[in-house]
Amino acid sequence: MKIIEVENRDEILMNQLLEVWESAVRETHLFLSEEEIQNIKKYVPQALIEVSHLMIAKGDNNHPIAFMGIENQKLEMLFIKNSERGKGLGRELLNYGIKYYHVNELAVNEQNPLALGFYEHIGFKVYKRSELDDQGNPYPILYMKLEDDMKN
């Protein structure tokens with residue numbers, strides 16, 4: 001597995017990453033309805049194109065199996081293909097983001113306890129909570145910072 005930052009975000013790559021996204025969301029965002037998943041899915045390609053730093057992890061077949069987006073030291077997205085979960089990819093990607101892009105902040109759905117636990121294990125701590133997500137839906141969001149950065 002190798003991590004690469006992608007500049008050329010062509011349609012083929014976007015479709016591959018959308019598959020990774022959907023696989024991950026269906027496994028980890030159990031609070032979303034099918035209609036909500038399909039609605040959010042429409043906006044994912046644009047988010048992938050617009051994020052400043054997009055890193056992907058490729059598997060043995062050279063296809064993306066995970067990706068991470070970073071904007072201004074904030075983790076904007078981290079998704080692991082369901083069949084690849086539990087193999088350390090998330091930790092490897094996030095540690096890469098912390099080391100090379102100084103990631104020190106993120107937001108996570110409160111209703112995604114596995115992700116919350118993962119981020120806490122890495123060293124992130126909740127500093128703020130919102131009852132609604134960015135689209136105004138009733139999915140509480142937890143805002144987290146690396147523990148070392150909480151002192152600032």
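Tyrosine 96 and tyrosine 100 both sit in helix α4 (residues 89-101), and since they are 4 residues apart there, about one helical turn separates them. This is a predicted model, by the way, so keep that in mind as you look around. How far apart are the ring centres of these two tyrosines, and at what angle do their planes stand? The centres are 4.7 Å apart and the planes are at 50°, so the pair counts as tilted. The label follows from the cut-offs, because planes under 30 degrees apart would be called stacked and those over 60 edge-to-face. In general, a pair of aromatic rings is described by just those two things, the distance of the centres and the angle of the planes.

The whole structure holds 7 aromatic pairs. There's an aromatic cluster to find as well, formed by Trp21, Phe67 and Phe79.

Stay with α4 for a moment and look at its partner, helix α5 (residues 113-122). The axes of α4 and α5 come within 11 Å and cross at roughly 50°. That makes α4 oblique to α5, and the crossing is right-handed. Which residues of α4 make the contact? On the α4 side you'll find Gly90, Arg91, Leu94, Asn95 and Ile98, while α5 brings in Phe118, Tyr119, His121 and Ile122. Sorted by kind, the residues of this contact come to 5 nonpolar, 3 polar and 1 charged.

Helix α1 (residues 11-28) and helix α2 (residues 34-41) pack at an angle of about 155°, with their axes 11 Å apart. Is α1 roughly parallel or antiparallel to α2? Roughly antiparallel, because an angle over 145 degrees falls in that class. As with the previous pair, the handedness can be read off: α1 passes α2 in a right-handed crossing. From α1, the contact takes in Leu18, Trp21, Glu22, Val25 and Arg26; from α2, Glu34, Ile37, Gln38, Ile40 and Lys41. Here the tally is 5 nonpolar, 1 polar and 4 charged.

Is histidine 29 buried or exposed? Its relative accessibility is 12%, so histidine 29 counts as buried. Leaving aside residues up to four places away in sequence, histidine 29 touches Phe79, Asn109 and Asn112.

Next, go to strand β1 (residues 2-5), where isoleucine 3 is found. Isoleucine 3 is buried, with a relative accessible area of 17%. What does isoleucine 3 touch, not counting residues up to four places away in sequence? Its contacts are Met55, Ile56, Glu92, Leu93 and Tyr96, so we're back at the tyrosine where we began, as contact here means heavy atoms within 4.5 Å.

Most residues other than glycine have a negative phi. Asparagine 62 has a positive phi, near 70°, and its place is in the loop between β2 (53-58) and β3 (64-71). Asparagine 62 is partly exposed, at 44% relative accessibility. Asparagine 72 has a positive phi too, near 50°, and belongs to the loop between β3 and β4 (74-80). At 70% relative accessibility, asparagine 72 counts as exposed.

Last stop: glutamine 46, in helix α3 (residues 44-50). Glutamine 46 is partly exposed, with a relative accessible area of 41%. Glutamine 46 and glycine 136 are 90 residues apart in sequence, and their C-alpha atoms are 19 Å apart in space.

Definitions and conventions
Residues are numbered from 1 along each chain as its sequence is written. This is a predicted model: local features need pLDDT of at least 70, side-chain atom pairs count only at pLDDT 80 or more; totals for chains, interfaces and linings use all residues. Side-chain values use heavy atoms; hydrogens and water are left out. Axes are lines fitted to C-alpha atoms, for helices over the stretch in contact, and angles run from 0 to 180 degrees between N-to-C directions. Helices (H or I, at least four residues) and strands (E, at least two) are DSSP runs, numbered from the N terminus. Angles under 35 degrees count as roughly parallel, over 145 as roughly antiparallel, 65 to 115 as roughly perpendicular and the rest as oblique. A crossing is left-handed if the near helix is turned anticlockwise from the far one by less than a right angle, and right-handed if clockwise. Ala, Val, Leu, Ile, Met, Phe, Trp, Tyr, Cys and Pro count as nonpolar, Asp, Glu, Lys and Arg as charged, and the others, Gly among them, as polar. Rings of Phe, Tyr and Trp (its six-membered ring) pair if their centres lie within 6.5 Å; planes under 30 degrees apart count as stacked, over 60 as edge-to-face and the rest as tilted. Buried means under 20% relative accessible area, exposed over 50%, partly exposed in between (1.4 Å probe, protein chains only).
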